[in-house]
Amino acid sequence: MGLFDRLRGDDKPRVAFFGIDGVPYSFLEDHFDEFEHLGALADEGSSGAIDSIVPPESSACWPSLTTGVNPGKTGVYGFQDREIGSYDTYVPMGRDVQATRLWDRVQEAGRDATVMNVPVTFPPQRNVQRMVSGFLSPGVDKASYPDEMREYLQSTDYRIDTNAKLGHSEDKEEFIEDAHETLDARYEAFKHYLQQDDWDLFFGVFMTTDRVNHFLYEHYEEDGEYKEEFLDFYRKVDRYLGEIRQNLPDDVTMMVASDHGFTSLDYEFYANTWLEQEGWLSYEDDDHEELGDISDDTEAYSLIPGRFYINLEGREPRGSVPESEYEAKRDQLKEALENLEGPNGRKVCDRVVEKEEAFHGDHADIAPDLVAIPNYGFDLKAGFKGHDDVFGHGPRNGMHSFDNASLFVDDPDATIRDVDLYDITPTILDLMEMEYEPSEFDGESLV
């Protein structure tokens with residue numbers, strides 16, 4: 001019996017899910033001798049590398065992971081989405097997720113969910129046992145429900161996120177210290193509510209892993225100055241996950257997963273600068289800073305990460321490409337992206353996905369026409385403010401990958417083969433012995 005044994009008599013199985021944002025499976029697997037708790041979870045349960053979604057960006061990934069459906073159904077395609085029939089853009093928040101969340105299904109079944117620090121969940125829902133929203137939340141005071149939770153988290157110096165700006169400095173010591181403090185506070189809060197709440201589903205996300213990867217991953221891969229600090233951080237992540245696992249009771253299945261993989265970053269690619277230089281994009285004046293500044297001569301534009309839109313007549317306000325030319329223009333743009341090479345002579349794009357291949361559902365009308373999945377080493381930016389060069393460098397040295405995300409299930413019967421994020425929600429529902437229609441999801445259960 002552990003610290004987190006349930007309070008009421010109920011023999012239905014439970015699930016405790018822990019997100020480790022942006023952690024590549026191959027990295028963990030290479031260090032199972034050091035990350036002994038994740039190594040034990042892999043040995044005694046099931047684990048493997050899984051795919052992310054198109055596009056592999058956290059704002060799109062977490063809504064899909066927690067609903068089991070693609071962005072055409074969630075309505076969230078990235079950190080910035082565009083309004084229908086407009087060049088106006090917005091940052092999607094929790095209320096913009098149009099598909100049913102996993103924890104809503106749990107609550108509707110008369111069971112309880114505690115949800116902590118999941119990206120794109122602000123403002124916190126009031127139909128769950130408790131929730132503190134994650135990435136994109138303005139602060140703990142507005143991101144927590146109920147009031148008791150807010151008061152507790154504020155008393156413990158809980159943070160929604162690491163101060164990523166600290167990572168911009170060449171000296172990473174302050175950033176690393178802040179990352180550890182954020183991780184420590186997150187673990188203490190998880191432990192507190194794992195023990196206090198009588199939950200059926202506990203769903204918590206460690207976001208700090210993504211931040212550390214963005215600023216230290218190259219140090220790890222290239223034996224850089226902060227390689228040992230990078231590994232020390234993950235030794236702590238492993239220890240915290242191990243302590244949680246050791247204290248979970250027998251009726252709980254533990255899951256650990258990331259929303260995308262990670263790799264070192266060589267070049268940022270400024271897609272709109274490239275489109276402008278190649279004659280696809282023009283602006284109404286030289287002082288352009290946003291999508292609304294494009295001119296009616298524009299044939300294509302881009303939003304992060306790697307999303308490309310044809311400036312289609314009748315769909316965009318100043319659309320210049322007639323419907324009769326849409327397919328030909330899209331094919332032309334796709335071929336140009338597929339052939340695009342970086343300064344190092346390597347192809348920028350691993351593949352370019354047409355929207356019909358990746359997106360379907362009631363919200364496919366705002367889908368990008370093409371999504372470029374970058375090759376390792378390239379990060380696809382938009383760059384409306386303009387850059388002198390198509391390729392450049394920013395403060396980050398690590399970037400997302402579509403493949404090599406992580407999944408661990410504390411169940412030896414789980415089959416982790418040809419898996420992506422869409423399979424996680426139906427797997428959790430099966431582990432909890434909850435009924436659902438398989439046709440509701442774009443993935444399927446692994447158990």
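Start with P146, which sits in the loop between β7 (144–145) and α7. Helices here are DSSP runs of H or I with at least four residues, strands are runs of E with at least two, and both are numbered from the N terminus. The peptide bond from Y145 to P146 is cis, with omega near 0 degrees.

Before going on, the provenance. This is a predicted model, in which local features need pLDDT of at least 70 and side-chain atom pairs count only at pLDDT 80 or more, while totals for chains, interfaces and linings use all residues. Residues are numbered from 1 along each chain as its sequence is written, and side-chain values use heavy atoms, with hydrogens and water left out.

There is another cis bond to show, between I304 and P305, where omega is about -5 degrees. P305 is found in the loop between β11 and β12 (307–310).

As background, most residues other than glycine have a negative phi, and most peptide bonds are trans. On the phi side, V120 is not a glycine, yet its phi is positive at about 60 degrees. V120 belongs to the loop between β5 (113–118) and β6 (130–133). Is V120 buried or exposed? It is buried, because its relative accessible area is 1%; the cut-offs are under 20% for buried, over 50% for exposed and partly exposed in between, with a 1.4 Å probe and protein chains only. E433 also has a positive phi, near 55 degrees, and is not a glycine. E433 lies in the segment after α14, and at 64% relative accessible area E433 is exposed. Helix α14 itself, residues 424–431, is mostly covered, with 7 of its 8 residues buried. Those are I424, T425, P426, T427, I428, L429 and L431.

Now the helix pairs. Two packed helices are described by the angle between their axes and the distance between the axes. Axes are lines fitted to C-alpha atoms, for helices over the stretch in contact, and angles run from 0 to 180 degrees between N-to-C directions.

Back to α7, residues 147–155, which packs on α8, residues 173–196, at about 140 degrees with the axes 11 Å apart. The two are therefore oblique to each other: under 35 degrees counts as roughly parallel, over 145 as roughly antiparallel, 65 to 115 as roughly perpendicular, and the rest as oblique. The crossing of α7 with α8 is right-handed. The convention is that the near helix is turned clockwise from the far one by less than a right angle for right-handed, and anticlockwise for left-handed. Which residues in α7 meet α8? They are E148, M149, Y152 and L153, against E188, A189, H192, Y193 and Q196 in α8; contact means heavy atoms within 4.5 Å. By class, this contact has 5 nonpolar, 2 polar and 2 charged residues. Ala, Val, Leu, Ile, Met, Phe, Trp, Tyr, Cys and Pro count as nonpolar, Asp, Glu, Lys and Arg as charged, and the others, Gly among them, as polar.

Next, α8 with α9. The angle is about 165 degrees and the axes are 10 Å apart, so the helices are roughly antiparallel. α8 passes α9 in a left-handed crossing. From α8 the contact uses F175, I176, A179, T182, L183 and R186, and from α9 it uses T208, R211, V212, F215 and L216.

Then α9, residues 208–221, with α10, residues 227–247: their axes come within 8 Å and cross at roughly 145 degrees. That crossing is left-handed. Among the α9 residues in the contact are V212, L216 and Y220, and α10 contributes residues including F230, F233 and Y234. The contact of α9 with α10 divides into 9 nonpolar, 4 polar and 1 charged.

A300 has 0% relative accessibility and so counts as buried. Beyond its neighbours within four places in sequence, A300 contacts L275, W280, L281, Y309, I310, N311 and L333.

Finally, the whole chain. How many helices and strands are there? The chain has 14 helices and 18 strands. Buried residues are 61% of the 447. The C-alpha trace spans about 65 × 50 × 40 Å along its principal axes. Of the contacts with a separation of 6 or more, 68% are between residues 24 or more positions apart.
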